[in-house]
Amino acid sequence: MAREAADAISLTSHLALAACRRGKGNEYLLNELICAVYLVYFLQQSGHGSEPLELFRKAEVRLGRTAWQGKRQGVWHLDKQGAALLERVLAVYDSQLTRAALGVVLQARDRLGTVLSTKGGVPLFREISRPRLMPG
């Protein structure tokens, strides 16, 4: 993927993280981070990365807690540990976006869209039997 395109895509995720880290997030920005985590996972499955599945599980749990808190209390704040996890995920994402072909990135986005539009499609990481993304 061209560097300018990769930077534009990446910027959205980094800005969402910055806002959520400062307690200035919202549901839309948190959703951007959730999508970034899943896209990193899908890109990794396509051969672009080798992060442990535990990274994705932990990020998913932190984002789920943040979503729960945001919906209940109106505070969309990603705690220090959650922000550190997302920094790691976004560093991988940055690398993937500059190395992966545009077609591979588009396939990952299509896959995410399919999963998100399927009832009960989230969480994506079923191979790790852990808590749901959004606590019931």
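Colleague: Hi! Serine 10 first: buried or exposed?
Modeller: Serine 10 is buried, because its relative accessible area is 7% and the cut-off for buried is under 20%. Keep in mind that this is a predicted model.

Colleague: Thanks. Which helix does serine 10 lie in?
Modeller: Serine 10 belongs to helix H1, which covers residues 3-21.

Colleague: And what does serine 10 touch, not counting residues up to four places away in sequence?
Modeller: With those neighbours set aside, serine 10 touches Asp94 and Leu97.

Colleague: What joins the side chains of serine 10 and aspartate 94?
Modeller: A polar contact of 2.3 Å links those two side chains.

Colleague: Let's zoom out. How many helices and strands does the chain come to?
Modeller: The chain has five helices and zero strands. Read from the N terminus, the order is α-α-α-α-α.

Colleague: What share of the chain do buried residues make up?
Modeller: Buried residues account for 44% of the 136 residues in the chain.

Colleague: And among contacts between residues at least 6 apart in sequence, what percentage join residues at least 24 apart?
Modeller: For that set of contacts, the figure is 71%.

Colleague: On to confidence. What is the mean pLDDT of the chain?
Modeller: The mean pLDDT is 86, and 87% of the residues reach 70 or more.

Colleague: Which elements have the lowest and the highest mean pLDDT?
Modeller: Helix H5, residues 102-117, has the lowest mean at 90, while helix H4, residues 80-99, has the highest at 95.

Colleague: Where does pLDDT stay under 50?
Modeller: It stays under 50 over residues 126-136, and the model has 25 contacts beyond four places in sequence for that stretch. Where pLDDT is low, predicted coordinates should not be read in detail.

Colleague: Noted. Now packing: at what angle do H1 and H2 pack, and how far apart are their axes?
Modeller: H1 and helix H2 (residues 27-45) pack at about 125 degrees, and their axes are 9 Å apart. That angle makes H1 oblique to H2.

Colleague: Is the crossing of H1 and H2 left-handed or right-handed?
Modeller: The H1 and H2 crossing is left-handed. On the H1 side, Thr12, Ser13, Ala16, Leu17, Ala19 and Cys20 make the contact, and on the H2 side Leu29, Leu30, Glu32, Leu33 and Ala36 do.

Colleague: What does leucine 33 touch, not counting residues up to four places away in sequence?
Modeller: Leucine 33 touches Ser13, Ala16, Leu17, Cys20, Leu63, Leu78, Leu86 and Leu90. The C-alpha atoms of leucine 33 and cysteine 20, 13 residues apart along the chain, are separated by 9.4 Å.

Colleague: Leucine 86 is in that list. Which helix does leucine 86 lie in?
Modeller: Leucine 86 sits in helix H4, and leucine 86 also counts as buried, at 0% relative accessibility. Beyond four places in sequence, leucine 86 touches Leu17, Leu33, Val37, Ala59, Leu63 and Leu78. Between the C-alpha atoms of leucine 86 and isoleucine 34, 52 residues apart along the chain, the separation is 9.5 Å.

Colleague: At what angle do H3 and H4 pack?
Modeller: Helix H3 (residues 53-73) and H4 pack at about 135 degrees, with their axes 9 Å apart. H3 is therefore oblique to H4. Leu55, Lys58, Ala59, Arg62 and Leu63 of H3 make the contact with Gln81, Gly82, Leu85, Leu86, Arg88 and Val89 of H4. The crossing of H3 and H4 is left-handed.

Colleague: Last one! What is valine 104 in contact with, leaving aside neighbours within four places in sequence?
Modeller: Valine 104, in helix H5, is in contact with Leu43, Ser46 and His48. The C-alpha atoms of valine 104 and leucine 43 are separated by 7.3 Å, although the two are 61 residues apart along the chain.

Conventions
Residues numbered from 1 in each chain as written. Predicted model: local features only at pLDDT ≥ 70, side-chain atom pairs only at ≥ 80, totals over all residues. Heavy atoms only, no water. pLDDT = per-residue confidence, 0-100. Helix = DSSP H or I, 4+ residues; strand = E, 2+ residues; numbered from the N terminus. Contact = heavy atoms within 4.5 Å. Buried < 20%, exposed > 50% of the residue type's maximum accessible area, 1.4 Å probe, protein only. Polar contact = N/O pair within 3.5 Å; in protein donor to acceptor, adjacent residues only side chain to side chain. Axes fitted to C-alpha atoms, helices over the stretch in contact; angles between N-to-C directions. Parallel < 35°, antiparallel > 145°, perpendicular 65-115°, else oblique. Left-handed = near helix turned anticlockwise from the far one by under 90°.
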